[in-house]
Structures are given as structure tokens and as C-alpha cells.
Amino acid sequence: MTYWKVAHGIRFTAMPSFGKALEDRQLWQLTLFLKHMDGLPPAPERVWKAVKSEATSSS
Ligand code: HEM
């Protein structure tokens with residue numbers, strides 16, 4: 001279900017679709033990440049939390 005939502009977006013919300021921007025393998029990787037992101041060990045947790053958002057990073 002998460003894969004479908006990421007690939008197609010959610011109608012009548014701001015949630016966009018990523019099905020054309022990402023390869024199928026990337027969509028599944030993202031799906032798995034979303035499923036487990038609230039229970040990751042500290043090291044991978046730190047890595048993804050350190051990723052800067054394009055919207056907020058300045059350069
Ligand atoms: C990395 C980018 C993104 C990913 C991986 C992603 C993924 C998801 C997923 C999996 C859901 C469903 C959550 C659930 O089933 O409970 C969701 C919902 C939603 N997303 Fe995104 N999303 C992204 C970016 C965005 C952006 C850029 C927006 C808008 C600016 C957005 C707006 C929404 C909204 C409004 C919902 C809730 C829709 C509802 O209430 O049914 N998302 N997103």
C-alpha cells in the first residue's frame with residue numbers, strides 16, 4: 001500500500017507521485033525505508049536525519 005501511495009500520490013491532497021521520478025527498485029527501497037524508519041538502530045538513524053532538505057538547506 002505504501003509503494004502504491006508513493007508511486008501514484010494521493011488524490012486531493014498535496015501528496016505528489018514519484019512513479020515517474022524514481023525507478024521501480026528505488027520505489028521499493030523507499031517503501032522498505034518508510035516501513036522501518038521508526039525503529040532503526042542509532043547509526044542509520046543518524047545518517048538519514050543528517051540528510052539536508054533541499055527546501056531548507058542554503059547553498
Ligand atoms: C520523500 C518524499 C515523500 C514520500 C516518500 C512520501 C510518502 C508518503 C506516504 C507513504 C504517505 C501515506 C502515509 C500513510 O499511509 O499513512 C504520504 C501521505 C501524504 N503525503 Fe507524502 N510523501 C512525500 C512527499 C510529500 C510532499 C512533498 C507532500 C506535500 C507537500 C506530501 C504530502 C502528503 C500528504 C498531504 C499526505 C496525507 C494524505 C492523506 O491524508 O491521505 N508528501 N506520503
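Beyond the neighbours within four places in sequence, histidine 8 is in contact with Ser17 and Gly19. That is a handy place to start in this predicted model. Histidine 8 belongs to helix α1, and eleven residues along the chain from glycine 19, its C-alpha atom is separated from that of the glycine by 6.1 Å. Histidine 8 counts as partly exposed, because 13 C-beta neighbours lie inside 10 Å.

### The overall picture

Let us step back to the whole chain. The protein has three helices and zero strands, and along the sequence the pattern reads α-α-α. With a radius of gyration of 13 Å, well over the 10 Å that the globule rule gives for 59 residues, the protein is more spread out than a compact globule. Along the principal axes, the C-alpha atoms fill a box of roughly 35 × 30 × 20 Å. Buried residues account for 2% of the 59 residues.

How confident is the prediction? The mean pLDDT of the protein is 93, and 95% of its residues reach 70 or more. Confidence is highest in α1, at 98, and lowest in α3, at a mean of 93.

### Around the ligand

Which residues surround the ligand? They are Thr2, Lys5, Val6, Ile10, Thr13, Ala14, Met15, Pro16, Leu30 and Leu34. Two helices, α1 (2-8) and α2 (24-36), each supply at least two residues of the shell. The largest share, three residues, comes from α1.

Helix α2 deserves a moment of its own. From its first C-alpha to its last, α2 reaches 19 Å with 13 residues, close to the 18 Å expected at 1.5 Å a residue. The helix is also hardly covered, as the count of buried residues among its 13 residues is zero.

Most residues other than glycine have a negative phi. Phenylalanine 12 has a positive phi of about 65°, although it is not a glycine. This residue sits in the loop between α1 and α2. Is phenylalanine 12 buried or exposed? With 5 C-beta neighbours inside 10 Å, phenylalanine 12 counts as exposed, since the cut-off for that class is 12 or fewer.

### Two residues further along

Leucine 40 is located in the loop between α2 and α3. This leucine counts as partly exposed because it has 14 C-beta neighbours inside 10 Å. Leucine 40 and proline 16 are 24 residues apart in sequence and 26 Å apart in space, C-alpha to C-alpha. Proline 16 is one of the residues that surround the ligand.

Arginine 46 lies in helix α3, which covers residues 42-49. Arginine 46 has 10 C-beta neighbours inside 10 Å, so it counts as exposed.

| Pair | Separation along the chain | C-alpha distance |
|---|---|---|
| Histidine 8 and glycine 19 | eleven residues | 6.1 Å |
| Leucine 40 and proline 16 | 24 residues | 26 Å |

Methods: Residues are numbered from 1 along each chain as its sequence is written. This is a predicted model: local features need pLDDT of at least 70, side-chain atom pairs count only at pLDDT 80 or more; totals for chains, interfaces and linings use all residues. A residue is near a molecule or strand if its C-beta atom, placed from the backbone, lies within 6 Å of it. Helices (H or I, at least four residues) and strands (E, at least two) are DSSP runs, numbered from the N terminus. A residue is buried if 20 or more other C-beta atoms lie within 10 Å of its own, exposed if 12 or fewer, and partly exposed in between; C-beta atoms are placed from the backbone. The expected span of a helix is 1.5 Å times one less than its number of residues. The radius of gyration is taken over C-alpha atoms; the globule rule is 2.2 Å times the number of residues to the power 0.38. pLDDT is the predictor's confidence in each residue, from 0 to 100. Two residues are in contact if their C-beta atoms, placed from the backbone, lie within 7 Å.
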